[in-house]
Amino acid sequence: MADHQLVLSSNSSSGRENEIDIYPLSSYFFGTKDPLPCRDETLADHLQRIKSSYQAHGFRTSVEAVLLVELFKHPHLLLLQSKNSIFKLPGGRITPGESDIDGLKRKLSKKLSLNENQTDWEVGDCLGIWWRAEFETLFYPYMPPNVKTPKECRKVYLVNLGKSRDFIVPKNLKLLAVPLCQIHGNHKTYGPIISGVPQLLSKFSFNIIDS
């Protein structure tokens, strides 16, 4: 196999710890499984569910994954899409007492694996943390100083994919590979967190591996 270096950082000589191996999309198998229950018909339903959850259980922590693949010699981000319009990073809310890593592995297996007890996900760096100050869609990439009781913390982790994996996705979701250049700064389509992922990855160099 030949390796091709695509550098997104001016500090590409900093060592292997700042390098990400990215394998071709064709290295992976994609299948489907039974749909997940749809708990939110509208955005208003989603915010109401978060409010009810907060009243019952308190502060909410969510974890999401950045999964990268190669297509046409460019890095692509794997995104889940529901209702043909809403894009999400794979992940979800962790339960009280559950670690970020264990919770993210559980959520990834629930949404992307046939075996929901699969634990072989390689979770790497935490790339960023956002805060939901109130029961609204707005997230801040910092804790606003005037907010005493935030409602949710959302953490985004880099998850390293090996050279092969089976992705088994619920039938009511789509798993799409979207080029980073399309996502960058595109708040309108992808929202502030997803559209900010390319910038979060700027400290890494991408080692794109041909099959």
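I began with strand β4, residues 60–66, and found 7 of its 7 residues buried, so the strand is largely enclosed by the rest of the structure. The model I am reading is a predicted one.

I then checked the two faces of β4 separately. On one side I noted Arg60, Ser62, Glu64 and Val66, and on the other Thr61, Val63 and Ala65; every one of these is buried, which leaves both faces covered.

Next entry: the partners of β4. Which strand pairs with β4 in the parallel sense? I found β10, residues 152–160, joined to β4 over 7 bridges. I also looked up β8, residues 91–93, which runs antiparallel to β4 and is joined to it by 3 bridges.

I used Val63 as a reference point for both pairings. In β10, I found Lys155 opposite Val63. In β8, the residue opposite Val63 is Gly92.

I moved on to Tyr142, which I located in the loop between β9 (122–132) and β10. Is Tyr142 buried or partly exposed? I read a relative accessibility of 45% for Tyr142.

What does Tyr142 contact, once neighbours within four places in sequence are left aside? I listed Ile129 and Trp131. I also took the C-alpha to C-alpha distance from Tyr142 to Gly162: the two residues are 20 apart in sequence and 32 Å apart in space.

Last, I went over the protein as a whole. I counted 5 helices and 13 strands in its secondary structure. The radius of gyration is 17 Å, close to the 17 Å that the globule rule gives for 211 residues, so I noted the protein as being as compact as a globular protein of that length. Along the principal axes, I found that the C-alpha atoms fill a box of roughly 55 × 40 × 35 Å.

I recorded 46% of the 211 residues as buried. For contacts between residues at least 6 apart in sequence, I noted that 75% join residues at least 24 apart. I put the accessible surface at about 11200 Å², with 52% of it belonging to carbon and sulfur atoms.

For charge, I counted 26 positive and 22 negative side chains. I noted a separation of 7 Å between the centres of the two sets.

Definitions and conventions: Residues numbered from 1 in each chain as written. Predicted model: local features only at pLDDT ≥ 70, side-chain atom pairs only at ≥ 80, totals over all residues. Heavy atoms only, no water. Helix = DSSP H or I, 4+ residues; strand = E, 2+ residues; numbered from the N terminus. Rg over C-alpha atoms; globule rule 2.2 N^0.38 Å. Buried < 20%, exposed > 50% of the residue type's maximum accessible area, 1.4 Å probe, protein only. Contact = heavy atoms within 4.5 Å. Areas by Shrake-Rupley, 256 points an atom, 1.4 Å probe, with all protein chains shown as cover. Lys, Arg positive; Asp, Glu negative; His and termini not counted. Charge placed at Lys NZ, Arg CZ, Asp CG, Glu CD. Pairing = 2+ DSSP bridges.
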